[in-house]
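Welcome! Please take a moment to look over the sequence and the model before reading on.

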Amino acid sequence: MSDQLLPASIQLSVMLCSTLVLTVSCVLITSAGSQKLHVVACEGSVAQLKCENGEVISVTSATYGRRDQKTCIAGRPTNQITNVQCSRSSDSVGQSCNGKQSCSITAANSVFGDPCAGTYKYLEVEYKCENPERKPQSGPTVACEGSVAQLQCDKGEVISVTSATYGRRDQKTCIAGRPANQITNVQCSRSSDSVGQRCNGKQLCNVEASNSMFGDPCVGTYKYLEVEYICYAFLTG
């Protein structure tokens, strides 16, 4: 068949796919040069969403269930792939992954619920990699031990944590009402990835500054949580 017989929309786009065990990843390159990435993960496997350096994930759609009898059928009996009217859309993928460079989501009933008991399901995600505008905050967010750090971006923006430490690095921060022996040790700060894991991709995030959350890097010292982050505003047009 010649190119002249193909619809223009097909002539102006290219689909590239790669297949791994229980997962399929595709890239649709449109005539405008933009990319829509398509990932399928069979039930029990993990969907991997990933963008290049300087880009972040923006999920456009996510469904969990079954919509056809062709996807994720290897080794499955007929009765597990017959029901193709059980797909359920989900906002949780976007909530977990938007604003991150990479993100892993397990295709499981425990994550999305079970839209059709007895049917073997799959997770299907479409997303874009975008170059967002970065808006650094004016200064670090500090929460004294026992209080809560609130990270917040404007509407349409998401958090990206650049650094987070818990402990004590000076004798000036969080000292009100504290005896000298609780603020003397300034060599007990500990960096933490858990703030980024908890908050990246969200518009608003609260994190408690406590030993139960971060461990105790210096027993007897009154500590504080210090977080630096950027708000990503997705560019349009």
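This report goes from the whole chain to its strands, its cores and its aromatic rings.

The structure is a predicted model, in which local features need pLDDT of at least 70 and side-chain atom pairs count only at pLDDT 80 or more, while totals for chains, interfaces and linings use all residues. Residues are numbered from 1 along each chain as its sequence is written, and side-chain values use heavy atoms, with hydrogens and water left out.

**The whole chain**

Let us begin with the overall picture. The protein chain holds 5 helices and 15 strands; these are DSSP runs numbered from the N terminus, with at least four residues (H or I) for a helix and at least two (E) for a strand. Of its 237 residues, 38% are buried. Buried means under 20% relative accessible area, exposed means over 50%, and partly exposed is in between, using a 1.4 Å probe and protein chains only.

The chain has an accessible surface of about 13,300 Å², and carbon and sulfur atoms account for 48% of that surface. Such areas come from the Shrake-Rupley method with a 1.4 Å probe, and for residues only the protein chains shown count as cover. Among contacts with a separation of 6 or more, 71% are between residues 24 or more positions apart; a contact means heavy atoms within 4.5 Å.

**Strands side by side**

Next, find strand β8 (residues 122–130), which runs antiparallel to strand β3 (residues 35–42) and is joined to it by 6 bridges. Two strands pair if DSSP finds at least two bridges between them. His-38 has Glu-126 in β8 as its bridge partner. β8 also runs antiparallel to β5, with 9 bridges joining the two. Here, Ile-57 is opposite Cys-129 in β8.

**The cores**

A nonpolar core is a set of buried Ala, Val, Leu, Ile, Met, Phe, Trp, Tyr and Cys residues joined through side-chain atoms within 4.5 Å. The largest one has 19 residues, and those touching the most other members are Leu-49, Val-59, Val-93, Leu-123 and Tyr-127. At least two residues each come from β3, β4 (46–50), β5, α2 (92–97), β7 (102–106) and β8. Which element gives the largest share of this core? That is β5, with 4 residues.

Leaving aside residues up to four places away in sequence, Tyr-127 touches several others, including Leu-37, Val-39, Leu-49, Ile-57 and Val-59. There is also a second, separate core of 18 residues, with Ala-164, Tyr-166, Val-207 and Cys-231 among them.

**Rings and charges**

How many aromatic pairs does a search of the whole structure find? The search gives 2. Rings of Phe, Tyr and Trp (its six-membered ring) pair if their centres lie within 6.5 Å; planes under 30 degrees apart count as stacked, over 60 as edge-to-face and the rest as tilted.

| Stacked pair | Centre to centre | Angle between planes |
|---|---|---|
| Tyr-64 and Phe-112 | 5.1 Å | 25° |
| Tyr-166 and Phe-214 | 5.1 Å | 25° |

Tyr-64 belongs to strand β5 (residues 56–65) and Phe-112 to helix α3 (residues 109–112), so their pair ties together parts 48 residues apart in sequence. Tyr-64 is buried at 1% relative accessible area, and Phe-112 is buried at 9%. The other pair links Tyr-166 in strand β12 (residues 157–167) with Phe-214 in helix α5 (residues 211–214), also 48 residues apart.

Finally, the charged end of Arg-76 sits over the ring of Tyr-120, 3.7 Å from its centre. For this, NZ of Lys or CZ of Arg must be within 6 Å of the ring centre and within 35 degrees of the ring normal.
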